[in-house]
Amino acid sequence: MNSSEKKKQKEAFKAAYINKIEEVSGDCLAESSVLKQYQALAELVMDDITTQWAKSNTKYNKHQNKQVYFFSIEFLIGRLLKSYINNLGLEDIVTESLKELGLDFTAIQEQESDPGLGNGGLGRLMACYLDSSAAMDMPAHGNGIRYKYGLFEQRIINGEQVEVADNWLRNGYPFEIRKPDKAVIIKFGGTIHSEKINGNLTFVHENYEPILAVPYDIPVKGYHNETVNSLRLWSAETLEDFDLPKFNQGQFLDAVRHKSEAESISQILYPNDNGFDGKLLRLKQEYFFVCAGLKRIVRRYKQFNNNSMDGFSQKICIHINDTHPAMCGPELMRILMDEEGFGWDDAWKMTVESISFTNHTVLPEALEKWPVSMMKSLLPRIYMIIEEINQRFTQEIYAKYPHDMERNYGLSIINNDQIHMASLAIVASHSINGVAELHSKILREETFKGFYQVFPERFHSVTNGVTPRRFLMNSNPDLKDLLNESIGTQWQGNLFELKRLLNYLNDPIFSDKFNAVKLSNKIRLAEHIKKHNNLIVDPASVFDIQVKRIHAYKRQLLDALHVLYLYNQLKENPHLEIAPRTFIFAGKAAPGYYYAKQIIRLINAIAKMVNSDKTLNEKIRVVFLENFNVSLAEIIYPAANVSEQISTAGKEASGTGNMKFMMNGAITLGTMDGANIEIAEAVGPTNIVTFGLSSDEVSQYEKYGGYRSIDIYEKDPRIQQVMHQLIDGTLGFGLNFQNIYDSLLLHNDTYFVLKDFNAYVDAQNRVDQLYRNERTWTKMSMTNIAHSGMFSSDRSILDYQREIWKII
Ligand code: GL4
């Protein structure tokens with residue numbers, strides 16, 4: 001675009017924007033609030049997107065291409081305004097126009113609430129996959145729940161986590177379109193009886209409670225193309241607002257009770273990551289979005305396919321994100337048999353051919369098991385179908401493997417009066433995959449070993465990826481510009497092109513510019529820390545960062561104990577030569593997870609002690625940033641030097657934060673777990689720092705014993721010292737971390753924190769040495785970025801297309 005064209009476009013944009021502000025606020029620009037400026041900009045952007053959206057939908061209705069639907073109970077999309085603007089290619093026009101109008105673009109963006117419709121990696125992965133699919137012109141859509149309250153907001157008060165409701169819809173949400181005309185009815189409870197209708201045995205559902213599912217669609221705009229896909233989120237409503245007869249009889253509370261009970265289904269996101277709590281309301285949520293989503297997909301398919309289901313499983317992929325949508329199997333069977341008139345065998349073939357399943361965790365406490373009684377009374381017809389699926393499946397395997405009764409028994413979907421959702425998902429889909437090589441291997445050899453023996457061809461592996469649009473281009477614009485001016489812009493379309501950066505490893509001018517970008521990102525984070533924690537940190541210090549959900553297996557404790565150890569070292573020897581470090585933590589703990597909350601308390605206690613100790617010469621600082629969410633993450637990743645990925649080997653299915661850090665040039669300090677292993681392979685051993693037990697070693701100890709944490713404790717005075725400090729009042733008057741202490745000694749350290757302590761301290765020393773050689777560190781950092789192509793979610797989506805959906 002030449003400069004006069006650009007000028008014209010900017011003038012047109014400014015005129016339209018001023019108009020919009022007047023339209024949405026009734027105020028002129030000068031008097032408008034930042035909120036109205038944001039709303040006007042959002043509406044203007046939506047005007048552009050909806051036109052393209054309609055075109056994409058028309059194209060899709062012809063069913064020339066296979067459509068993928070991601071069913072997920074979480075979609076952690078983050079703020080959208082900036083990403084829409086950049087994807088539309090309007091970045092410069094908007095940024096410059098707003099500047100010329102004297103408006104603060106950053107402040108405008110901060111008006112947008114960050115929809116917290118997910119807990120962590122699992123939900124964020126879906127958002128990355130939607131972004132990549134749209135960028136690659138692939139028809140893939142999301143199907144989930146429009147929670148009225150997303151994941152709680154975290155406040156840190158007196159060092160402890162306090163949860164506050166996340167009312168993200170408070171000011172309305174400009175990027176959704178409510179579609180009451182596409183609402184469907186979901187039936188809960190009631191009874192089933194069979195009847196002969198026109199000579200056919202038919203199942204009739206009676207006395208059920210009907211709930212209305214109303215879709216809200218959010219456009220998913222592709223990067224610099226014409227594709228706009230849809231994220232459909234369902235909201236629960238009553239059929240009639242309230243029960244009028246009751247109201248007229250003066251029973252006001254009863255009249256509205258039904259309304260609030262119905263609406264409770266989409267009221268709140270369960271705040272557990274990697275955990276299952278078995279609540280009835282959660283089961284309702286699961287069926288709610290599964291049933292609503294499938295109904296619309298089937299209806300639309302027929303509408304544009306001469307009212308026929310022919311070819312359905314060749315044209316539709318139902319991809320289920322972990323087991324929460326596992327009822328897709330029985331529900332599709334129900335629709336096909338009870339509503340579309342198919343017999344069992346045909347319906348089953350179509351179901352299995354359409355559904356594919358990704359598993360996201362091997363932690364036993366996260367595997368979903370629903371009591372038969374609960375399923376039977378809430379979803380009687382679904383239960384009948386699950387029972388029949390199980391009967392047919394078990395019969396088949398008993399006939400095929402008559403000598404392997406014990407294994408066969410373990411494969412039953414219904415066991416001990418519980419429905420095993422992972423087993424259901426495996427049996428009812430043609431593909432199951434893990435999310436990193438190691439994770440997929442553990443699924444084949446341990447978690448789902450029996451199923452792997454029966455269905456080896458169903459098992460695949462697709463390593464996770466993250467979108468470089470949000471996590472590099474948008475959140476690290478200075479790095480983007482530097483890359484563009486040095487290696488050209490091809491990498492923006494194909495992240496493998498970042499390899500060209502390797503040509504600059506020995507270029508001192510480039511290195512200086514590269515380090516300047518990192519420094520300015522660290523200054524931005526330091527300003528955030530000053531504002532929110534009232535703490536000054538030195539941007540020249542090593543920014544050593546662990547941000548993720550707080551969970552025992554992720555071992556924030558190991559990180560914290562090392563900080564404590566380093567503190568002890570510095571107290572002993574104030575002249576200890578180390579590169580100054582800022583240890584930064586952030587992450588939410590599930591509200592009911594006491595241990596994780598204690599970890600937060602511990603980190604804050606250590607922070608308080610360390611930051612107020614003047615004798616340390618500011619060599620170490622400790623920060624806990626409250627309310628980790630996508631927006632905060634976007635400031636954190638670009639500022640990191642060290643990426644802490646220190647889960648107990650074998651426990652983190654993949655991790656995706658590790659990839660976001662790497663893409664922004666942080667060096668991974670990690671165990672050989674999840675996708676860390678593939679990061680190590682990609683960058684080579686000299687560009688990563690790894691340590692600790694391997695997953696094989698962990699699993700040997702778990703199976704055969706042989707680890708006694710007390711032995712380690714008794715041999716290591718450094719460990720004894722930090723352990724005592726947990727309980728002797730060092731960390732503050734009245735602060736006692738007895739249960740953390742007990743978890744390590746009394747309960748034999750389930751996650752091998754003490755076992756890996758020594759190796760971790762050594763690894764941290766290596767990090768220190770490496771950082772102190774600036775040239776080496778810069779090269780390592782550049783090498784990490786250069787090899788991050790493989791961790792783009794574009795690559796993951798290509799893998800899914802080839803291996804699983806068989807699209808290309
Ligand atoms: C998770 C895994 O814990 C995480 O390792 C993985 O990267 C992510 C996406 O596949 O899924 N599983 C659950 S549950 N929450 C996660 O973040």
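## Helices α11 and α12

In this predicted model, Gly329, Leu332, Met333, Leu336 and Met337 of helix α11 meet Trp344, Ala347, Trp348, Met350, Thr351 and Ser354 of helix α12. Sorted by class, the residues in the contact of α11 with α12 are eight nonpolar, three polar and no charged ones.

Helix α11 covers residues 328-339 and helix α12 covers residues 344-354. Their axes are 9 Å apart, and the two helices pack at an angle of about 140°. That angle makes α11 oblique to α12, because only angles over 145 degrees count as roughly antiparallel. The crossing of α11 and α12 is right-handed.

## Helices α22 and α23

The crossing of α22 and α23 is left-handed.

On the α22 side, the contact is made by Gln556, Leu557, Ala560, Val563, Leu564 and Tyr567. On the α23 side, Ile599, Leu602, Ile603, Ile606 and Val610 take part. By class, the contact of α22 with α23 has 10 nonpolar residues, one polar residue and no charged residues.

## Lys660

UniProt, in an unreviewed entry, lists Lys660 for "modified residue: N6-(pyridoxal phosphate)lysine". In the model, Lys660 is placed in helix α25, which runs over residues 657-663.

Is Lys660 buried or exposed? Lys660 counts as buried because 29 C-beta neighbours lie inside 10 Å, and the cut-off for a buried residue is 20 or more. Leaving aside residues up to four places away in sequence, Lys660 touches Val466, Phe471 and Tyr637.

## Ile509

Ile509 belongs to helix α21, which spans residues 508-533. Ile509 has 9 other C-beta atoms within 10 Å, so Ile509 is exposed; the cut-off for an exposed residue is 12 or fewer.

How far apart are the C-alpha atoms of Ile509 and Asp254? They are separated by 73 Å, and the two residues are 255 residues apart along the chain.

Terms used. Residues numbered from 1 in each chain as written. Predicted model: local features only at pLDDT ≥ 70, side-chain atom pairs only at ≥ 80, totals over all residues. UniProt positions renumbered as here; feature names shortened; annotations may be inferred. Helix = DSSP H or I, 4+ residues; strand = E, 2+ residues; numbered from the N terminus. Contact = placed C-beta atoms within 7 Å. Axes fitted to C-alpha atoms, helices over the stretch in contact; angles between N-to-C directions. Parallel < 35°, antiparallel > 145°, perpendicular 65-115°, else oblique. Left-handed = near helix turned anticlockwise from the far one by under 90°. Nonpolar A, V, L, I, M, F, W, Y, C, P; charged D, E, K, R; others polar.
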